[in-house]
Amino acid sequence: MTKANPSPESVLDRQCEQRSEPGYLAAVLASPTHKVMFFHRGKALLSGSEVGYFDPAGLPAALPAGTVPVYLGKVLAGHGHPLRAGTDIVLQVLPYDAGDLTWLPGGVEFAGYRDAARQLSVGDAQTFVVAQAISNWHGTHTNCPRCGSPTEAQFSGWMRRCVQDGSEHFPRTDPAVIVAIVGADERILLANNFQWEENRYSTVAGFVEAGESAEEAAVREIQEEVGVHMHALEYSSSQAWPFPRSLMLGFIGYTTDVAATPDNVEVRAARWFGREELQAAVLSGEAIISHRLSIARSLIEHWYGGPILEPGDNA
Ligand SMILES: [Zn+2]
């Protein structure tokens, strides 16, 4: 079996204990060696085809009012991060109405994760995802869910406290399940969604509901969307998917059912593929599968037993 997750280890040490101490972020911001990353309206500032990490010396002393600094972590050695090990990264989440941004370092542009991901290194991709998740949360949790008063960022940007009642609010993550369905003959059942091209196939996914286990959600979603009953499930791996705040829990599911029934609401078609059949269909362009940074692809390749070649790959 191949490794189901392309990057099982973190590229950043989040310094979870230290970052909640008063003054921690201020000390990092005062050091000349930290690097700064920017997010604005859900997009990261890039530098060419990489995430832009900027020297504090090249930035204005004061950033736009409402900018939220967040300590992302210290780069760990040996995981392919483009920055030197030990470097502290601070994310600056610019407010929606940040005004004129021409002061930002030149030759750079903001990009969304879906557009940027294919060209990013594993280290950059993981850092982007952390920044995306925390900036999404700051953007939508400016007010207290209890009393509506403003909240302010604390714990180096990892908690928001209500200025009125003092309640503490932490970043939220919504669990979702994603399942590669394997039949008794070892074929995989992939689905085509109405929102996609007609020849795109992927694994089936859905949100975990309140009071439901991940396993219950997986069985329910598969039954609902492709009409197949699973009798066994094996957890494989997970992937943070902060659009806006999901955590995808990946499973391999086993069924003895042969007939699949698309729900005709989300799923247009469901099709069984043998291993050689899927590889041939992808190479010929008859079928398109999810890209290599996705957990869907990891699950499919976990079943396949190795990388699936695409047109243009060197065989
Ligand atoms: Zn409150």
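Trainee: What makes Cys144 count as buried or exposed?
Mentor: This is a predicted model, and the term rests on relative accessible area. Buried means under 20%; Cys144 has 5% relative accessibility, so Cys144 counts as buried.

Trainee: Which atoms are the protein donors of the zinc ion?
Mentor: They are the SG atoms of Cys144, Cys147 and Cys162, together with OD of Asp165, and they lie 2.3 to 2.4 Å from the zinc ion. The cut-off for a donor is within 2.8 Å of the metal. Along the chain, the donors follow the spacing C-x2-C-x14-C-x2-D.

Trainee: What makes the arrangement around the zinc ion tetrahedral?
Mentor: Four donors count as tetrahedral if all angles lie between 85 and 135 degrees. Here the 4 donor atoms subtend angles of 102 to 118°, and therefore the arrangement is tetrahedral.

Trainee: Why can Cys144 and Asp165 be said to tie together parts of the chain?
Mentor: Cys144 lies in the loop between helix H3 (122-140) and strand E8 (151-154), while Asp165 lies in the loop between strand E9 (159-162) and strand E10 (168-169). The parts are 21 residues apart in sequence, so the pair ties them together.

Trainee: How do you know whether Cys162 is buried or exposed?
Mentor: Cys162 has 2% relative accessibility, and because buried means under 20%, Cys162 counts as buried. Cys147, at 39%, is partly exposed, and Asp165, at 36%, is partly exposed as well.

Trainee: How many disulfides does the count give?
Mentor: The count comes to 0 disulfides. A pair of cysteine sulfur atoms would have to lie within 2.5 Å.

Trainee: How many aromatic pairs does a search of the whole structure find?
Mentor: The search finds 12 aromatic pairs. One of them joins Phe38 and Trp103, with ring centres 5.7 Å apart and planes at 70°. Planes over 60 degrees apart count as edge-to-face, so this pair of Phe38 and Trp103 is edge-to-face. The pair links distant parts of the chain, 65 residues apart: Phe38 is in strand E2 (residues 35-40) and Trp103 in the loop between strand E6 (88-94) and strand E7 (108-111). Phe38 is buried at 0%, whereas Trp103 is partly exposed at 24%.

Trainee: Why is the pair of Phe155 and Phe170 called tilted?
Mentor: Their ring centres are 6.3 Å apart and their planes stand at 50°. Planes under 30 degrees apart count as stacked and over 60 as edge-to-face, the rest as tilted; the pair is therefore tilted. Phe155 lies in the loop between E8 and E9, and Phe170 in the loop between E10 and strand E11 (174-182). Phe155 is partly exposed at 25%, as is Phe170 at 44%.

Trainee: How do you know that the charged end of Arg41 sits over the ring of Tyr96?
Mentor: The charged end of Arg41 is 3.9 Å from the ring centre of Tyr96. The distance limit is within 6 Å, and the charge must also be within 35 degrees of the ring normal. Arg114 lies over the face of Phe243, at 4.7 Å from the ring centre.

Trainee: Why are the buried residues of H5 said to line one face of the helix?
Mentor: The buried residues of helix H5 (residues 275-284) are Leu278, Gln279, Ala281 and Val282. Seen down the helix axis, they fall within an arc of 165°, so they line one face. On the other side of H5, Glu276 and Ser284 are exposed.

Note on methods
Residues are numbered from 1 along each chain as its sequence is written. This is a predicted model: local features need pLDDT of at least 70, side-chain atom pairs count only at pLDDT 80 or more; totals for chains, interfaces and linings use all residues. Side-chain values use heavy atoms; hydrogens and water are left out. Donors are N, O and S atoms within 2.8 Å of the metal (3.2 Å for Na, K and Ca); water is not among the atoms, so sites may look incomplete. Four donors count as tetrahedral if all angles lie between 85 and 135 degrees; four count as square planar and six as octahedral if opposite donors are over 155 degrees apart and all others between 65 and 115; anything else is irregular. Helices (H or I, at least four residues) and strands (E, at least two) are DSSP runs, numbered from the N terminus. Buried means under 20% relative accessible area, exposed over 50%, partly exposed in between (1.4 Å probe, protein chains only). Rings of Phe, Tyr and Trp (its six-membered ring) pair if their centres lie within 6.5 Å; planes under 30 degrees apart count as stacked, over 60 as edge-to-face and the rest as tilted. The arc is that of the directions from the helix axis to the C-beta atoms.
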